[in-house]
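Please keep the sequence and the structure in view while reading.

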Amino acid sequence: MSGTVPALPLPVFGAVLCAAAAAWLLAGDGRSAGRARVLLAGGGPVEPVRVPVWDALLPLAHRSASRWPEWGCVLAGLLVALLGGSPLPLVVGVLAVPVVRRWLRVRARVRAGDARAAEVVALCGAVVGELRAGAQPGQALGSGLRRTTALGAEEAAVLAAAAFGGDVPGALREAARAPGAEGLAGMAACWRVSVDGGAGLAAGLERLEAALRSERDRRETLRAQLAGARSTAVVLALLPVVGLLMGTALGADPLRVLLHSPLGLGCLLVGGVLEVLGLLWCRRIVRAGEG
């Protein structure tokens, strides 16, 4: 009697994957139906709305494309599971989905913060231009906000404070709590000094714009210098995969050794732990350099 685990049948994996994909794509939140019921409440029987097939599939396709890295983990795990005849890679791929999702969210927050920081710089420049043209501070701030999206959800509060004589510095400091909008705290300080002490608001905002622009350029230069370290870490992390591919090409069948023997499972566990620790270490080094 052989000690190897029999390979799992391909139809089982295919059926599970297709069922999960269909459930995820076809699951809706019911908002469109809810809106229709609200708008047409009491209006008698409603004929069903016929939506073209492509119009219905386009949002689903966009949603699927935005999550391809997450589902890529499952597909990669499924492929390795089929090649190695073990469900362990598929389980690892499924467990990796929330990790990849969190990583994508962190990247999205970083990009949003960088975009907001650039909008703050543009806002300072727009307000300075309006002030140089002879506009009042409140009018200049309102005109600058209409050209940029630096404040986001706090824009209404700042506009109201500027239009009705409210606490504009307080509203700007409240908006500065958003990631990437820290420069608005400097704008609030300039506004407070210009109101209380009579100093020139345009000159202060001009110096603030130059400081923020210099800080952004320094940060981009530092990221460019650290790009080499990130690329090296990624290459080193992919070396085990290259080794597996080379072993498979030479006919050594490394997947069966790793997934169907106690020694191979032990090596796989130790290698996975060292891989994760190495990536975390490289990430800490890069973050220390950015700091």
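This is a predicted model: local features need pLDDT of at least 70, side-chain atom pairs count only at pLDDT 80 or more; totals for chains, interfaces and linings use all residues.

Because Asp114 lies in helix α5 and Arg223 in helix α10, the pair ties together parts that are 109 residues apart in sequence. Asp114 counts as partly exposed, at 28% relative accessibility, and Arg223 is also partly exposed, with a relative accessible area of 30%.

A salt bridge is likewise formed by Arg132 and Glu206, whose closest N and O atoms are 2.6 Å apart. Here Arg132 belongs to helix α5 and Glu206 to helix α10, so this pair ties together parts that are 74 residues apart in sequence. Arg132 counts as exposed, since its relative accessibility is 52% and the cut-off for exposed is over 50%, whereas Glu206 is partly exposed, with a relative accessible area of 39%.

## A salt bridge from a loop

The structure holds seven salt bridges, and one of them brings together the side chains of Asp167 and Arg192, with an N to O distance of 3.4 Å. Asp167 sits in the loop between α7 (155-163) and α8 (168-175), while Arg192 is in helix α9 (residues 183-197), so the pair ties together parts that are 25 residues apart in sequence. Both ends are partly exposed, Asp167 at 43% relative accessibility and Arg192 with a relative accessible area of 33%.

The loop between α7 and α8 also contains Phe164, and this residue is exposed, with a relative accessible area of 72%. The C-alpha atom of Phe164 is separated by 9.0 Å from that of Gly138, a residue 26 residues away along the chain.

## The second largest pocket

Which helices each supply at least two residues of the lining of the second largest pocket? They are α5 (88-132) and α10 (201-249), and α5 accounts for the largest share, with ten residues. The space in this pocket comes to about 370 Å³.

The lining of the second largest pocket consists of 18 residues, and those lying nearest its centre are Gly113, Ala117, Gly180, Glu182 and Arg219. By type, the lining residues divide into eight nonpolar, three polar and seven charged.

## A buried glutamate

Is Glu209 buried or exposed? This residue, placed in helix α10, counts as buried because its relative accessibility is 16%, and the cut-off for buried is under 20%. When neighbours within four places in sequence are left aside, the contacts of Glu209 are with Val121, Cys124 and Gly125.

## A positive phi angle

Most residues other than glycine have a negative phi. Asp253, however, has a phi near 55 degrees, which is a positive value in a residue other than glycine. Asp253 is found in the loop between α10 and α11 (254-259), and it counts as partly exposed, at 37% relative accessibility.

## Overall build

The secondary structure of the protein comes to twelve helices and zero strands, so that, by the way helices and strands are assigned, reading along the sequence gives the pattern α-α-α-α-α-α-α-α-α-α-α-α. Of the 291 residues in the protein, 26% are buried. Among contacts between residues at least 6 apart in sequence, 60% join residues that are at least 24 apart.

## Confidence in the model

The average pLDDT of the protein is 76, and 75% of the residues score at least 70. Over residues 1-8 the pLDDT is below 50, and this stretch has eight contacts in the model beyond near neighbours in sequence. The pLDDT is also below 50 over residues 22-51, a stretch for which the model shows nine contacts beyond near neighbours in sequence.

Definitions and conventions:
Residues are numbered from 1 along each chain as its sequence is written. Side-chain values use heavy atoms; hydrogens and water are left out. On a 1 Å grid over the protein atoms alone, a cavity is a set of points where a 1.4 Å probe fits but cannot get out, and a pocket is an open set with protein on both sides within 12 Å along at least five of seven lines; lining residues have an atom within 4 Å of a point. Grid points are joined across faces, edges and corners, and a volume is the space filled by probe spheres set on the points. Helices (H or I, at least four residues) and strands (E, at least two) are DSSP runs, numbered from the N terminus. Ala, Val, Leu, Ile, Met, Phe, Trp, Tyr, Cys and Pro count as nonpolar, Asp, Glu, Lys and Arg as charged, and the others, Gly among them, as polar. Buried means under 20% relative accessible area, exposed over 50%, partly exposed in between (1.4 Å probe, protein chains only). Contact means heavy atoms within 4.5 Å. A salt bridge is a side-chain nitrogen of Lys or Arg within 4 Å of a carboxyl oxygen of Asp or Glu. pLDDT is the predictor's confidence in each residue, from 0 to 100.
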